[in-house]
Amino acid sequence: MAKLDELLAPFKLGFPIPGAVEKYIGNSSEPDAVAQSGGLFDDARANGYVNAVGQKLVALSERPGYGFQFGIVTDPNPNAFALPNGHIYITLGLLRLLRNEAQLANVLGHEVGHVTKSHSVNQIAFNMGAIGVAGLVTRMANQLAGGGAISKDDRETGKGLMAGVLANGYSRENEREADDVGQNLASKAGWDPSGMMDVMAVFKSLEKEKPQGIERLMTTHPLPGERITAAVERAQKLPAGEIAADRYAQFLMSIGVSHEEIAQSGLTAAFSWMGNPGAALVFGASSPWMKVAAIGTLVLGGGVIVWAVLSKKK
């Protein structure tokens with residue numbers, strides 16, 4: 001059976017995408033994307049905190065001078081998304097589920113990976129066909145280089161294609177690559193790589209229970225078992241780093257999350273490790289929305305990883 005990267009190869013562009021084109025597609029798509037996510041969260045200090053975490057990651061990325069920005073949107077449902085202009089947003093809903101800065105850094109690092117690896121344009125090429133998107137990119141590049149305006153038809157086509165990417169997500173290959181980039185960036189910047197597994201454990205629990213409003217997250221961030229296994233294997237090769245739970249708790253309280261909510265209904269992820277990375281994945285989970293534990297195990301050749309997502313009853 002052909003590997004996924006072989007199947008996708010005909011849809012990947014065989015030339016580098018001009019940054020100006022990626023910027024244009026992102027800039028033209030951003031107002032609608034932000035509006036559909038509830039609009040910007042009107043708190044400069046909170047946005048500054050998220051941006052500061054993101055900028056530490058960007059400084060160590062493949063494109064440190066690309067002009068990344070990070071912000072918060074008011075959508076109460078958990079999600080995060082990246083636009084090809086380097087603007088990355090995380091929802092209030094997801095921020096309220098996280099419980100330390102290492103988790104936040106791994107989430108933002110994942111989204112940075114989508115930008116540095118040009119996943120949006122590659123996904124557009126898959127959706128539209130490489131020949132069609134190559135023509136679109138070439139026309140846009142020529143128009144921008146000549147100082148002219150992008151035609152209305154090309155502008156609307158670009159916006160529509162980007163909207164499709166935001167609604168339907170990326171390929172599994174791109175998601176795995178973004179995991180790898182994000183976890184490594186978070187570790188290089190000094191945060192603990194276990195933050196990636198923490199977030200995946202939370203997502204896996206939500207995937208099982210499917211609370212209201214979770215559909216978009218599950219569509220745009222599918223979580224097959226091999227992504228969790230790969231995250232665990234990477235973490236064993238990376239140095240331990242900062243968790244920063246207290247600092248993140250201060251941030252949560254600054255945006256209106258009470259100390260009681262953090263203590264009583266917050267999610268905590270715990271991992272224990274013995275042996276070497278290996279094979280299969282088994283999940284047994286109940287829901288944090290029901291305020292009970294979600295438990296999972298990775299059954300390995302040389303040992304077992306046990307993770308738990310705990311939610312105290314009110």
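Trainee: Is glutamate 101 buried or exposed?

Mentor: In this predicted model, glutamate 101 counts as buried, at 3% relative accessibility. Buried means under 20% relative accessible area, exposed means over 50%, and partly exposed lies in between, with a 1.4 Å probe and protein chains only.

Trainee: With which side chain does glutamate 101 meet in a salt bridge?

Mentor: The partner is arginine 247, at 2.7 Å from N to O. A salt bridge here is a side-chain nitrogen of Lys or Arg within 4 Å of a carboxyl oxygen of Asp or Glu. Glutamate 101 lies in helix 5 and arginine 247 in helix 13 (residues 245-254), so the pair ties together parts 146 residues apart in sequence. Salt bridges that share partners also join Glu101, Glu242 and Arg247 into one network.

Trainee: And how accessible is arginine 247?

Mentor: Arginine 247 is partly exposed, with a relative accessible area of 38%.

Trainee: What about helix 5 itself: how many of its residues are buried?

Mentor: Buried residues make up 16 of its 16, and helix 5 is thus described as mostly covered. Helix 5 covers residues 101-116 and reaches 22 Å from its first C-alpha to its last, close to the 22 Å expected at 1.5 Å a residue. That expected span is 1.5 Å times one less than the number of residues. Helices (H or I, at least four residues) and strands (E, at least two) are DSSP runs, numbered from the N terminus.

Trainee: What is found at the start of helix 5?

Mentor: A side-chain oxygen of asparagine 100 reaches to within 3.1 Å of the backbone nitrogen of alanine 102. After helix 5 comes serine 118, with a positive phi near 55°.

Trainee: Changing topic, how many salt bridges are there by this rule?

Mentor: The count comes to eight. One of them joins glutamate 62 and lysine 117, whose closest N and O atoms are 2.7 Å apart. Glutamate 62 lies in the loop between helix 3 (44-58) and strand 1 (69-73), and lysine 117 in the loop between helix 5 and helix 6 (119-128), so this pair ties together parts 55 residues apart in sequence.

Trainee: How should I read the numbering and the values?

Mentor: Residues are numbered from 1 along each chain as its sequence is written, and side-chain values use heavy atoms, leaving out hydrogens and water. Local features need pLDDT of at least 70, and side-chain atom pairs count only at pLDDT 80 or more, while totals for chains, interfaces and linings use all residues.

Definitions and conventions:
Polar contact = N/O pair within 3.5 Å; in protein donor to acceptor, adjacent residues only side chain to side chain.
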